[in-house]
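Good morning, and thank you for coming. Please look first at the sequence and the model on the screen; I shall then go through some points of detail.

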Amino acid sequence: DDWILPMHRNLGVFTVRGLDLVTLFRQLFGRDGGFTRGRDRSFHFAVIEKRIVGMISHLGAMAPVADGLALASRLRGEDRVAAVLVGDGATSEGDVHEAMNLAAVWKLGVLFVVENNHWGLSTPVAEQYACADLVDRAAGYGMPGEIVDGNDVLAVRDAVARAAQRGRAGGGPTLLECKTFRMRGHEEASGNDYVPAEQLAAWVARDPIARFEAHLDGEGGPPRDERVALRAEVQAEVDRLVADALADAQPATTAGDELRRVYAPAAPLRRASTSPGAEQRDEADVRYVDAVRDALHTALAADERVVIMGQDIAGYGGVFKATEGLADEFGTGRVRNTPIIESGAIGAALGLALDGFRPVVEMQFGDFVTCGFNQLVNNVATTHYRWGGPVPLVVRLPVGGGLGAGPFHSQNVEAWFCHVAGLKVVAPSTPADVK
């Protein structure tokens, strides 16, 4: 029932969650029957009912999404946690920092699981970070951390169980650094000639499957001949699935099919009926910013799925006072101050949206959206097209406004996003239109 956000090599995560293997193998071979119908051939998809959310190629980008999924569980009063897996290389990405900081500040039930395989493609860890161990960073975020033997199945299971129990109890996130190794190339074409032979030899002796089989032998597990037979049975099934998938049809499509895939059908917010005697104001008496606040108030009151996030939006009411008083009325659970994390906030909003919420993210100034460009353009905008995921979120950008504040506070940046399939750009010119 917990959320898990795996990496490129985490095939076992998908199989152990009971995904249909016929569909999964077609996904990996880019055939029509896959989860993305051939739009890519990797784990860039999610299966919401199995609570698996796959990654994108931009490393670290799913860490803030895990925050949003954990926040969704909290807002519903559930004890569900989210585990997001990253490699040693991805820990250098800013999104991972922003996600860890946010999870610690909000005490979210997130497990940050680092698969430290000692090489970021061909770059050794000595050239990736200066701390002795990645787990040393946990103290800086105010969360516990633990080094785990990543090649010991039982040690990993026990460490994850402790971290999950802590997250469920409201104790916040945990950083787990699982020391492991990648015996083959980053991908098949690259090989691993850059790895010293003695390092490979040392890790061969720590093979996790061999170690677990030895444990089963010592603990009275299934007899070895049964395991050999089971392995052969599984191998035959995999070979059959591979052959069937490779023999299946290549995807066929039309321009119309692809265009229809870009946007989900409209699913409006729930509407509150206008109460008798409600104040009606002439548009001429309403400022633009008042209409923004009025719209946010109406949405919060009508639909409990609406959550607003941004810098200084709660008690302070935002730099333009567009959210003034909303936290007092609806609580800081739904009108939430964030740290200064444009990318992290947009990524967390994506997580909320995937689990049924309707988040609104306020950029303090439109110019600052550049810090969240990757999340918005490569993650949010492509999600529905890739695998049909629901992404009903709004990023509100105050732009222009006659401030004359130069290139960092008063640009009109909306044209950037008119070029991005999957985003809808709305630039209303009157208070009535903005509401």
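How many aromatic pairs does the structure hold? There are 10 aromatic pairs, where rings of Phe, Tyr and Trp (its six-membered ring) pair if their centres lie within 6.5 Å, with planes under 30 degrees apart called stacked, over 60 edge-to-face and the rest tilted.

A word on the basis of these values. This is a predicted model, in which local features need pLDDT of at least 70 and side-chain atom pairs count only at pLDDT 80 or more, while totals for chains, interfaces and linings use all residues. Residues are numbered from 1 along each chain as its sequence is written, and side-chain values use heavy atoms, with hydrogens and water left out.

Let me begin with Phe373. A pair of aromatic rings is described by the distance of the centres and the angle of the planes. For Phe373 and Trp416 the centres are 6.4 Å apart and the planes stand at 80°, so this pair is edge-to-face. Phe373 belongs to helix α14 (residues 373-387) and Trp416 to helix α15 (residues 414-417), so the pair links distant parts of the chain, 43 residues apart; helices (H or I, at least four residues) and strands (E, at least two) are DSSP runs, numbered from the N terminus. Phe373 is partly exposed at 33% relative accessible area, and Trp416 is partly exposed at 35%; buried means under 20%, exposed over 50% and partly exposed in between, with a 1.4 Å probe and protein chains only.

Phe373 also pairs with Phe417: the ring centres are 5.6 Å apart and the planes at 35°, so this pair is tilted. Phe373 in α14 and Phe417 in α15 are 44 residues apart in sequence, and their pair ties those parts together. Is Phe417 buried or exposed? Phe417 is buried, with a relative accessible area of 4%. Elsewhere, ring pairs join Phe14, Phe35, Phe43 and Phe45 into a cluster.

I turn now to strand β4. This strand, residues 82-87, is mostly covered, six of its six residues being buried. In a regular strand the side chains alternate between the two faces of the sheet. In β4, Ala82, Val84 and Val86 point one way and Ala83, Leu85 and Gly87 the other way, and all are buried.

Which strands pair with β4? Strand β1 (residues 3-5) pairs with β4 in the parallel sense over three bridges, pairing being defined as at least two bridges found by DSSP between two strands. Within this pairing, Trp3 has Ala82 as its bridge partner in β4. Strand β5 (residues 110-116) runs parallel to β4 and is joined to β4 by six bridges, with Gly87 opposite Glu115 in β5.

Finally, consider Lys179, which is found in strand β9 (residues 174-179). Lys179 is buried, at 17% relative accessible area. The side chains of Lys179 and Asp133 are joined by a polar contact of 2.8 Å; such a contact is a pair of N or O atoms within 3.5 Å, where within protein one must be able to donate a hydrogen and the other to accept it, and residues adjacent in sequence count only if both atoms are side-chain atoms. Beyond its neighbours within four places in sequence, Lys179 is in contact (heavy atoms within 4.5 Å) with residues including Asn116, Asp149 and Trp203.
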